Amino acid sequence: MKDFLHAFCRHKGGVAGVIVIIAVAGLALAANWIFPHDPWEIVNAPFMPPMTDDTLLGTDTLGRDIGAGIAYGARLTLLLAAVSTAVSILFGVSVGAISGFYGGRVDQAVVGFIELFQTIPSFFLVVVLVAILTPSMTTVIFAIAVVSWPPLARLVRAEFMSLKNREFVQAAMLAGQSNARIILTQILPNSLSPVIVSGSLMVASAILLESALSFLGLGDPNAMTWGYIIGASRSVLRDAWWMSVFPGVAILLTVLSLNLIGEALNDALNPKLARKRTT
């Protein structure tokens with residue numbers, strides 16, 4: 001752990017990303033104290049520019065506080081991204097582990113199942129699923145999870161195929177351990193590094209997908225997220241720039257930070273790759 005932290009801290013971008021994510025999480029947790037009023041509450045006249053009449057970031061078309069929307073929206077945005085990523089990781093790791101460990105016809109069937117999802121453009125599939133199932137937080141999470149798990153399943157499958165013939169796995173088989181125990185205790189812990197790196201990138205992708213859906217009007221209309229704020233301002237982009245710029249900056253910083261964290265994790269968990277980059 002000490003070596004991992006030392007390698008991670010050497011990556012300045014990753015450290016900066018962690019600081020930004022902690023700040024965003026702190027903003028989400030402290031939203032009630034920073035903005036005591038509800039983000040849906042009308043607090044001033046519509047289209048108030050930033051820094052006027054106690055509205056730090058201005059108001060939207062209905063007179064709601066943009067700052068409060070961003071603070072409270074951080075909660076739902078991060079929660080949605082985290083839950084959809086967790087579902088994707090759980091399903092993707094399970095499918096990839098079964099495919100890579102058993103091989104043969106099981107592997108062929110699973111690979112065909114994965115390719116079925118990968119032949120359809122991800123964003124198009126998300127839009128279709130949300131439109132069919134009606135927009136809500138549950139359907140958005142489900143749709144994002146559906147398009148996020150196939151790449152991870154392929155990655156885990158490749159890791160399992162490379163590890164299942166190692167000596168420690170063969171020793172566990174000779175000792176009479178069950179397949180489930182070998183998968184969970186022998187192979188899976190040794191293949192978690194790429195899963196961790198992919199997980200941080202999947203969170204960033206989930207935030208972008210939710211924002212895109214909300215911009216198109218397919219997000220949950222009862223959920224105050226960053227994407228919802230941008231989607232509500234798409235008709236007044238020229239007249240009220242602050243309505244889309246500030247939540248857009250929040251999305252940009254968060255997604256950029258998650259990508260930097262993913263890169264730092266990749267370097268810390270794969271020291272050989274980090275050395276290649278420095279040479």
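Predicted model: local features only at pLDDT ≥ 70, side-chain atom pairs only at ≥ 80, totals over all residues.
Partly exposed, as I use it here, means a relative accessible area between the 20% under which a residue is buried and the 50% over which it is exposed.

Let me start with the whole chain. The protein chain has 279 residues, and buried residues make up 44% of them. The secondary structure comes to 13 helices and zero strands. Along the principal axes, the C-alpha atoms fill a box of roughly 75 × 45 × 35 Å. If you take the contacts between residues at least 6 apart in sequence, 69% of them join residues at least 24 apart.

Next, the annotation. The UniProt entry, which is unreviewed, places the feature "transmembrane region" at six spans: 12-35, 78-102, 109-133, 139-156, 195-219 and 240-261. I looked at two of these in the model. Residues 12-35 are 92% helix and 0% strand, with the end C-alpha atoms 32 Å apart. For residues 195-219 the figures are 84% helix and 0% strand, and there the end C-alpha atoms are 28 Å apart.

Now the packing. The largest nonpolar core has 39 residues, and the members that touch the most other members are Ile-66, Ile-70, Val-130, Ile-207 and Trp-226. The elements that give two or more residues to this core are helices H2, H4, H6, H7, H10, H11 and H12. H7 gives the most, with seven residues. Apart from this core lies another one, of 15 residues, which includes Ala-97, Phe-101, Val-169 and Ala-172.

Leaving aside residues up to four places away in sequence, Trp-226 touches Val-24, Ile-70, Gly-73, Ala-74, Thr-77, Pro-247, Ala-250, Ile-251 and Thr-254. Take the last of those. Thr-254 sits in helix H12, residues 242-269. Is Thr-254 buried or exposed? Thr-254 has a relative accessible area of 0%, so it counts as buried.

On to charges. Side chains of opposite charge can pair when their charged atoms come close. How many salt bridges does the structure hold? There are three.

One joins Arg-64 and Asp-60, with the closest N and O atoms 2.7 Å apart. Both partners are buried: Arg-64 is at 8% relative accessibility, and Asp-60 is also at 8%.

Another is between Asp-107 and Arg-157, at 2.6 Å from N to O. Asp-107 lies in helix H5, residues 104-118, and Arg-157 in helix H7, so this pair ties together parts that are 50 residues apart in sequence. Asp-107 is buried, with a relative accessible area of 11%, and Arg-157 is buried at 18%.

The remaining one joins Glu-115 to Arg-154, where the closest N and O atoms are 3.2 Å apart. Again the partners lie in H5 and H7, Glu-115 in the former and Arg-154 in the latter, so the pair ties together parts 39 residues apart in sequence. Here the opening definition comes in. Glu-115, at 38% relative accessible area, is partly exposed. Arg-154, at 31%, is partly exposed as well.

Asp-65 lies in the loop between helix H3, residues 31-34, and helix H4, residues 66-102. Asp-65 is buried yet has no salt bridge. Which side chain of opposite charge is nearest to Asp-65? It is that of Arg-64, 10.0 Å away. Since a salt bridge needs the side-chain nitrogen within 4 Å of a carboxyl oxygen, Arg-64 does not pair with Asp-65 at that distance. Arg-64 has its salt bridge with Asp-60 instead.

What does the side chain of Asp-65 meet, then? Asp-65 and His-37 are joined by a polar contact of 3.3 Å between their side chains. A polar atom of the Asp-65 side chain also lies 3.0 Å from the backbone nitrogen of Gly-67. Beyond four places in sequence, Asp-65 touches Phe-35, His-37, Glu-41, Val-43 and Gly-58. That is the last site I had.

How values were computed. Residues numbered from 1 in each chain as written. Heavy atoms only, no water. Helix = DSSP H or I, 4+ residues; strand = E, 2+ residues; numbered from the N terminus. Buried < 20%, exposed > 50% of the residue type's maximum accessible area, 1.4 Å probe, protein only. Lys, Arg positive; Asp, Glu negative; His and termini not counted. Polar contact = N/O pair within 3.5 Å; in protein donor to acceptor, adjacent residues only side chain to side chain. Contact = heavy atoms within 4.5 Å. UniProt positions renumbered as here; feature names shortened; annotations may be inferred. Core = buried A, V, L, I, M, F, W, Y, C linked by side-chain atoms within 4.5 Å.
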